[in-house]
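Hi everyone, thanks for coming.

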Amino acid sequence: MNDANGYAVFFFPQALEALGEAIKPYLQDGPAGDHVVCNEIDTAGALVEMTMRGTTAQGQPVALELMVPTSMVRMIVSSQSDGSFGFGPRDGAPTRALPPVGPTAAPADARTASSPDRGADKAAAVASAAPPKGAGPT
């Protein structure tokens, strides 16, 4: 893709065959195959709407919209370069070390200060749910 921001839309081979000569002016060849490069895309609905910006022979700006059924699209690749994304450290951002875990850490079943004493609550709940001794069907 030549554009820093945009999308590459790849089609199924049967879709390219069905679209025929009408799609060829919009296709670009690349290592992953023929694709359409567009600036904006709308995938909500039965058609994928691709907006391409260009200029006419007279130098006037023009926006073209190419719409194809969603079933023809094999894959859409975004090439947005407007910021970093992910869970790794950012350039220039300070990193914070994780707390040490090892032989000094509390065992997994250790009671924490924020949890109530569950043992007393559980015993009281079992006792109140059990029928009294000697009670049976009458």
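I'll start with the overall layout, then go through the strands, and finish with the core.

First, some ground rules. This is a predicted model, so local features need a pLDDT of at least 70, side-chain atom pairs count only at pLDDT 80 or more, and totals for chains, interfaces and linings use all residues. Residues are numbered from 1 along each chain as its sequence is written, and side-chain values use heavy atoms, with hydrogens and water left out.

Okay, the layout. The protein has two helices and seven strands. Reading from the N terminus, the order is β-α-β-β-β-β-β-β-α.

How much of the protein is buried? Of its 138 residues, 14% are. Buried here means under 20% relative accessible area, exposed means over 50%, and partly exposed is in between, with a 1.4 Å probe and protein chains only. The protein exposes about 10,800 Å², and carbon and sulfur atoms supply 57% of that. Those areas come from the Shrake-Rupley method with a 1.4 Å probe, and for residues only the protein chains shown count as cover.

Now the strands. We say two strands pair if DSSP finds at least two bridges between them. One group of four makes an open sheet in the order β2-β3-β1-β7, with antiparallel pairing. At the edges sit β2 (27–28) and β7 (73–78), each pairing on one side only. Inside the sheet, β1 and β3 are antiparallel over four bridges, and Ala8 has Val37 in β3 as its bridge partner.

Next, follow β4, residues 40–42, which runs antiparallel to β5 with three bridges. Asp42 stands opposite Glu49 in β5. These two strands form a hairpin with four residues between them, and Gly45 in the turn has a positive phi of about 125 degrees.

Then β5 goes on to β6, again antiparallel, this time with nine bridges. That hairpin has five residues between the strands, and Gly59 takes a positive phi near 90 degrees.

Let's stop at Thr51, in strand β5. Is Thr51 buried or exposed? At 13% relative accessibility, Thr51 counts as buried. Not counting residues up to four places away in sequence, Thr51 touches Cys38, Asn39, Glu40, Ala63, Leu64 and Glu65, where contact means heavy atoms within 4.5 Å.

Last stop, the core. In soluble globular proteins, nonpolar side chains tend to be buried together. By nonpolar core I mean a set of buried Ala, Val, Leu, Ile, Met, Phe, Trp, Tyr and Cys residues joined through side-chain atoms within 4.5 Å. The largest one here has 13 residues, and those with the most contacts inside it include Val9, Val36, Met50 and Leu66. Two or more residues each come from β1 (7–11), β3 (35–38), β5 (47–55) and β6 (61–69). Which element gives the most? That's β5, with three residues.

Take Leu66, in strand β6: Leu66 is buried, at 14% relative accessible area. Leaving aside neighbours within four places in sequence, the contacts of Leu66 include Ile23, Tyr26, Val36 and Met50. Leu66 and Val36 are 30 residues apart along the chain, and their C-alpha atoms are separated by 9.6 Å.
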